[in-house]
Amino acid sequence: MPKITYVESDGNRHEIDVDAGWNLMDGAVKNGVPGIDGDCGGNCACATCHIFVSAEWAEVTGERTEAEQEMLEFAENVQSNSRLACQIEVDDRLDGLVVHLPESQY
Amino acid sequence: MSDVAAPVEVEDVAALPLEELHPAKAKRFANDTLWPVFERLRREAPVHYTPESEVGAYWSISRWDDIMAVDTDHKTFSSEPNITLLPHVDGQADVTVPGLAMFIAMDPPKHDIQRKTVSPAVSPTNLKLLEPLIRERAAKILDSLPIGEPFDWVDLVSKELTAMTLATLFGVPQEYRRLLTHWSDIVTAQPGPGRIVETREEKIQVFQDYHAYFTKLWNERVNAEPTGDLISMLAHSPATRNMSPLEFFGNVILLTVGGNDTTRNTMTGSVYALNKNPDEFAKLKASPELLPSMVSETIRWQTPLAYMKRRATRDVEFGGKTIREGDTVAMWYVSGNRDESVIDRPNDYIIDRERPRQHMSFGFGIHRCVGNRLAELQLQIVWEEALKRFPDIVVVEEPVRVLSSFVKGYESMQVVIPARH
Ligand code: HEM
Ligand code: FES
């Protein structure tokens, strides 16, 4: 199972084995990682699963979709590496991925 | 208000022909008999058309997944020119003040620009600064409540606290805070004998006073250095400083109503729901760490805005029906929040649900409530402070509900606080 590390804004790390086929939001919420809410259940409709993906992982995690871009417009502290966790599906290529969480979801 | 408290007339919803179902009938919201209508719609006609009513013809979307699909497709389902069903006179929608514009009722790109101007005021970062102030006020309000005698929770707590917060956001002097509440109530009220406004003319007069007051504030802010309040932000931001007067006023109304009724009605709803479900109240008292989850569950259970309206921008096949360009579509959040295919035991009030944040009350997509964190914060604080002070808050009479199919809330609710800790 791909291992994903979620890092909270205070540096607290959560290493989680996430099933391939799940998305990164589910991987956090279903394993009790704090800092990701996922209010819309992964429909790209709430932007409460905002995360930062470091540059070296940009290629495998892909690009923002159009709907994702629209929702990210309204999140707080959006950076060039901001993504919505529910829009990134986990597969073996993501094994070892480290993502950072914002201080709060909006 | 006598018309609201009228005896419940028993209506056999199951016997009505489907096409005669008019889910937006305000009376059912005032006497809390709306539920069988939406149960039937979800089961038999999830995409339903009402050909004729006092708010014109409209579609009703009642299932979770369908509401999600409409709310996230703003190209097909536009928020312009308005987001509520309007009373129809001679087949035409009757707009109280023509030309009012607010970003909740705009599509991109204008919506996006205006929303971004306003959102920093209620972002999590700014709320951290606001929190101590809200807490201090909540404490003061709760400390001044009578003990052992009935009082109206809506008036003394829900309205007071939300009005104080709103006055702070707007930079309105605190002594005028209840004017904001008053205006907010009137904006969403249907004029009628014995109601808060009796005639359309009276309502227009109130709009004029309200508008005049905020025009004065705008003029003061424009000529002063920028401050953090919302009026100053609107007056100085490049994105909004050239707004027309009606656009400015429209956005003021949006923030007044958005920040007022909804949070207030959840604050009242929380006391009511906990009284109706004493086991849940006991759970909360025993485990105050359930508060955030209780707040979300109350927002779901209450659904302070029952629906949002959209306008179809093209002919579209939806759920086996053809919605025509220009048609009016109501997304019934109040029904989506009770959809058993998504929410377990949806009619029950359960404060420790597994996924309490999973509800539709804030809408979804680009118009999702910008004030949702502020709403949650106020509710969280009022309960943290109340639990510290009072062993119990007892509802002693059924609340009087608002006569509206849009604002789902309470006019008044008598409670007694038997003792302090
Ligand atoms: C429990 C309390 C609240 C509820 C249930 C609620 C509900 C909603 C809903 C359903 C929408 C529209 C979503 C859509 O069209 O898809 C909305 C939008 C909005 N709300 Fe709230 N609201 C609440 C509190 C607040 C507060 C405290 C504010 C004050 C700042 C606020 C300001 C707004 C604004 C400005 C919009 C328009 C957003 C846009 O169009 O982009 N709301 N709210
Ligand atoms: S969970 Fe709502 S946008 Fe990702």
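A polar contact is taken as a pair of N or O atoms within 3.5 Å; within protein, one must be able to donate a hydrogen and the other to accept it, and residues adjacent in sequence count only if both atoms are side-chain atoms. The model is predicted, so local features need pLDDT of at least 70 and side-chain atom pairs count only at pLDDT 80 or more, while totals for chains, interfaces and linings use all residues. Residues are numbered from 1 along each chain as its sequence is written, and side-chain values use heavy atoms, with hydrogens and water left out.

Ligand 1 is surrounded by 28 residues (a heavy atom within 4 Å), and the closest include B:R115 and B:H367. An oxygen atom of ligand 1 lies 3.1 Å from a side-chain N or O atom of B:Y333, and an oxygen atom of the ligand is 2.7 Å from a side-chain N or O atom of B:R115. A nitrogen atom of ligand 1 is 3.3 Å from a polar backbone atom of B:G258. The largest share of the shell, 7 residues, comes from α10(B).

Between the chains, 20 residues of chain A are in contact (heavy atoms within 4.5 Å) with 23 residues of chain B. The area buried between them (accessible area, 1.4 Å probe, lost on being put together and summed over both) is about 1900 Å², with 49% from carbon and sulfur atoms. On the chain A side, A:D39, A:F74 and A:Y106 lose the most area, together 39% of what that side buries. The interface holds 7 salt bridges (a side-chain nitrogen of Lys or Arg within 4 Å of a carboxyl oxygen of Asp or Glu). B:R368 forms a salt bridge with A:D39, the closest N and O atoms being 2.8 Å apart.

Terms used: Chains lettered and ligands numbered in written order. Helix = DSSP H or I, 4+ residues; strand = E, 2+ residues; numbered from the N terminus. Buried area = accessible area lost by both parts, 1.4 Å probe.
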